[in-house]
Each structure stands twice: as C-alpha cells, then as structure tokens.
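Please keep the sequence and the structure in view while reading.

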Amino acid sequence: MKEMMLRKFAEVFGDTEGVKAYFAPGRVNLIGEHTDYNGGHVFPCALTIGTYAAARKRQDNRLRFYSVNFEELGVIESSLEDLKPYKEADWTNYPKGVIWAFAQKGMEVPGGMDLLLYGNIPNGSGLSSSASVEVLTGFILRDMFGFPVDNEELALIGQFSENRFNGVNCGIMDQFAIAMGKAGHAIFLDTSNLSYEYAPVRLEDAKIVIACSNKKRGLGDSKYNERRQECEKALRDLQRIVDIKSLGELSEEEFETLEGVISDPVAIRRARHAVYENRRAVKAVEALKENRIEFFGKLMNNSHISLRDDYEVTGVELDTLVEEAWKVDGVIGSRMTGAGFGGCTVSIVKDKAIDTFIEQVGAAYEKKIGYKADFYVVEIGGGPTVL
Ligand code: GLA
C-alpha cells in the first residue's frame with residue numbers, strides 16, 4: 001500500500017521528495033452504543049481497514065489536499081490563514097479541523113503540507129471514516145512537527161475538532177478506539193474518566209462480520225445531536241432528586257425507582273437505553289473474559305432491541321439486517337453499530353455459518369430494501385502507524 005500511496009502522491013504533487021506514508025484504522029463498536037456522551041462504558045476495537053496517507057511539509061503556509069476516494073474534486077487548496085470552522089462542506093474539513101484544533105490547544109502548526117489520502121473504509125458507513133482521518137491528521141502533525149502529545153491526546157483533539165469545527169457533538173469513543181487500537185483486542189473504556197482496559201477478543205470458531213446497509217448517513221444532519229439533548233434533559237430532571245453527573249452512574253434498579261421524575265416520556269426511553277446499555281457493556285466484557293460468548297451475543301441482541309425501541313436510531317435497513325441475521329443458525333449475536341440511522345451492523349458468526357449468513361441476509365435485505373448490502377469479515381488491528 002505504501003508504494004501505491006507514494007506513486008499516487010508523485011502523480012498528483014509531482015515527486016516524492018520528503019514524503020512519508022501513514023495509516024490510521026477505522027473502528028467497530030462491539031457493544032455500548034450511545035453511552036459515550038452519557039458517562040458510560042463502550043467496547044470498540046480498531047480494524048485493519050482504515051485510512052492511508054502520504055504527506056510532506058511545505059516551506060510556505062499552503063495546504064494542498066487530495067483524496068483518492070474523491071478524485072473528481074481534484075486538488076483542494078487552502079492555507080494556514082484560512083482555517084475557519086464550517087467553511088466548505090467537503091472532506092477537507094476533517095484535516096483542516098484538526099490543524100485548527102492544534103492551534104486552539106496552543107500548538108500552532110508552523111508550516112503548510114501536501115496531503116494525499118486513500119481510505120478503504122466505506123464512507124459514511126458508521127465505521128468512523130471521519131474519526132480515522134482526524135486521528136491520522138493529528139498523528140501526521142505530531143510526526144512532522146514534533147508536538148508533545150500522546151495518542152490519548154490525539155483522540156481528544158480529534159473529538160474537539162469534530163465538535164467545534166465540524167459541529168457534530170460526538171463523544172470520545174471513535175477517536176479513542178482509533179488512536180489507542182491494539183491488534184486482537186477491544187478497548188473497554190469508561191468514558192466518565194477515560195480509564196480503559198484492553199480485552200483480548202478470542203472468538204475461536206467465530207468471526208466478526210460487518211454488514212453495511214449502504215444507506216448513507218450524515219452524522220451532522222442526523223438526529224444524533226437531538227438524542228444527546230434528550231439525554232441531557234432526562235439527566236437534568238434526575239439531578240433534581242439525586243446527586244449524579246451522568247446517566248452512566250445509575251444501575252438499572254436505581255433508574256427504575258427514579259424514572260418517574262423525568263417529565264418527558266420520550267426522554268425516559270432515551271435515558272433507559274443509556275442506563276441499560278451501559279450495564280450491558282459492563283456485563284458483556286465480563287462475559288467475554290470468562291469465555292461466555294453466547295451470553296455476549298445475547299447482550300448484543302438486547303442492545304439492538306433497545307436501540308430500536310427505546311433509542312429509535314435504527315430504521316428499516318438496520319433492523320432488516322439484524323432481524324435476518326438472528327434467523328441464521330450459527331449467529332451468536334447481531335446489532336447495529338455506531339450512531340445508527342443507516343451505516344452498519346456488527347455480528348459474531350460461527351466460521352461455518354459465514355457463507356450462509358452472507359447469502360441469506362444479503363438476499364433478504366435486497367428483496368426488502370431494493371438494493372444490496374455489503375459484507376466484510378474483519379480483523380481487529382492496531383492504532384495509527386508510520387508505514
Ligand atoms: C458516533 C459518535 C460516537 C458515539 C456513537 C454512538 O459514532 O461519534 O461518539 O456516540 O456514535 O455510540
């Protein structure tokens with residue numbers, strides 16, 4: 001891949017003098033959905049698919065961007081003086097946002113760069129292609145200019161840029177999973193204090209299969225920010241009678257006792273999901289450690305039901321993929337992953353059932369939805385690297 005990136009760089013920017021190649025992964029979340037902005041737990045892992053870059057410093061302040069995924073846009077030019085939030089709505093808002101965020105954090109980027117990207121994560125699929133670009137940009141800036149930031153800070157800078165430059169009020173899960181990825185392991189992260197633990201994912205005779213609905217989802221114009229506000233509303237009502245900072249502090253029993261204080265019935269359902277999903281993530285990690293994979297799968301299924309009925313972020317595409325998956329013998333668990341409203345599902349499928357799974361779920365999906373889903377048998381990869 002490195003050679004391909006360098007060749008493409010030379011084609012677009014003239015030569016490869018001083019160019020380095022880099023990679024940052026995408027991520028899939030196994031369980032703990034819509035809990036990261038509620039002070040709960042998440043359990044994502046980095047993938048071996050992701051975003052590749054070829055980059056070099058410039059002597060002036062110009063920024064030149066090129067994406068192999070959006071060749072029709074050609075070279076997009078900007079400069080360090082021209083980094084204003086919300087300016088244009090193309091993919092360069094992600095790297096620009098990160099350059100801007102470094103400056104906001106007191107690390108002014110001293111010179112321009114030429115940056116060429118290629119991603120093999122399906123765009124807008126819910127596997128965090130944008131967070132991958134953000135972490136990758138931060139990783140490149142650190143490598144180029146020697147900024148004193150560790151990978152955890154790269155994740156926080158990525159999230160800051162997404163929140164403040166791109167206007168999406170996302171939590172920390174995606175950037176953290178990408179910046180801190182470890183091959184063969186998922187990351188059990190407590191988003192209330194960023195403490196984390198790596199848990200080996202040993203599935204023995206099964207694999208992680210991602211099904212992409214091919215329904216495009218723009219996080220910004222989705223109902224993501226609205227869900228977040230609904231949870232905040234529920235929290236404010238609860239705080240009138242109990243001293244908590246986030247929904248993630250409540251057990252299921254505590255929530256059942258207290259929920260009557262939440263005035264809006266919709267907010268009750270949103271909060272119920274946040275509380276139960278957080279507990280499910282904790283239980284799922286325990287189950288995985290004890291090799292109780294069947295129970296892990298059950299928790300995944302319950303996660304989907306809660307996201308469908310209480311949180312209402314699934315939609316007919318994701319529901320079809322998951323409900324068809326549940327019918328297949330050898331499927332241990334299946335649920336939507338990421339923000340929802342389109343994007344992907346994640347399933348744990350026994351090796352011997354994978355072909356049937358892809359065939360059956362694929363056919364049923366196309367019949368009902370009218371277009372095809374794509375399937376990926378994935379591996380858990382590491383964090384960002386120089387190639
Ligand atoms: C998106 C956000 C994450 C997280 C998930 C839902 O991927 O970027 O922060 O909230 O949705 O779990």
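**Aromatic rings and the ligand site**

Tyrosine 365 is buried, because its relative accessible area is 0%, and buried means under 20%. The model is a predicted one, and the points below are grouped by topic.

**Aromatic pairs**

- The structure holds 15 aromatic pairs, and one of them joins tyrosine 365 to tyrosine 371 in an edge-to-face arrangement, with 6.2 Å from centre to centre and 75° between the planes.
- Phenylalanine 145 and phenylalanine 147 form a tilted pair, in which the centres are 6.0 Å apart and the planes make an angle of 45°; phenylalanine 147 is buried, at a relative accessible area of 11%.

**Other ring arrangements**

- Phe43, Phe188 and Phe296 together form one aromatic cluster.
- Lysine 105 lies over the face of phenylalanine 160, at 4.0 Å from the ring centre.

**The ligand and its surroundings**

- The residues around the ligand include Arg27, Glu33, Tyr37, Cys170, Met173 and Tyr224, and the shell as a whole divides into 5 nonpolar, 3 polar and 4 charged residues.
- A backbone N or O atom of histidine 34 lies 2.6 Å from an oxygen atom of the ligand, while for aspartate 174 it is a side-chain N or O atom that lies 2.6 Å from a ligand oxygen.
- A polar backbone atom of alanine 339 is 3.5 Å from an oxygen atom of the ligand.
- Of the 310 Å² of accessible area that the ligand has on its own, the protein covers 97%.

Conventions
Residues are numbered from 1 along each chain as its sequence is written. This is a predicted model: local features need pLDDT of at least 70, side-chain atom pairs count only at pLDDT 80 or more; totals for chains, interfaces and linings use all residues. Side-chain values use heavy atoms; hydrogens and water are left out. A residue is near a molecule or strand if one of its heavy atoms lies within 4 Å of it. A polar contact is a pair of N or O atoms within 3.5 Å; within protein, one must be able to donate a hydrogen and the other to accept it, and residues adjacent in sequence count only if both atoms are side-chain atoms. Accessible areas come from the Shrake-Rupley method with a 1.4 Å probe; for residues, only the protein chains shown count as cover. Ala, Val, Leu, Ile, Met, Phe, Trp, Tyr, Cys and Pro count as nonpolar, Asp, Glu, Lys and Arg as charged, and the others, Gly among them, as polar. Rings of Phe, Tyr and Trp (its six-membered ring) pair if their centres lie within 6.5 Å; planes under 30 degrees apart count as stacked, over 60 as edge-to-face and the rest as tilted. Buried means under 20% relative accessible area, exposed over 50%, partly exposed in between (1.4 Å probe, protein chains only). A charge sits over a ring if NZ of Lys or CZ of Arg is within 6 Å of the ring centre and within 35 degrees of the ring normal.
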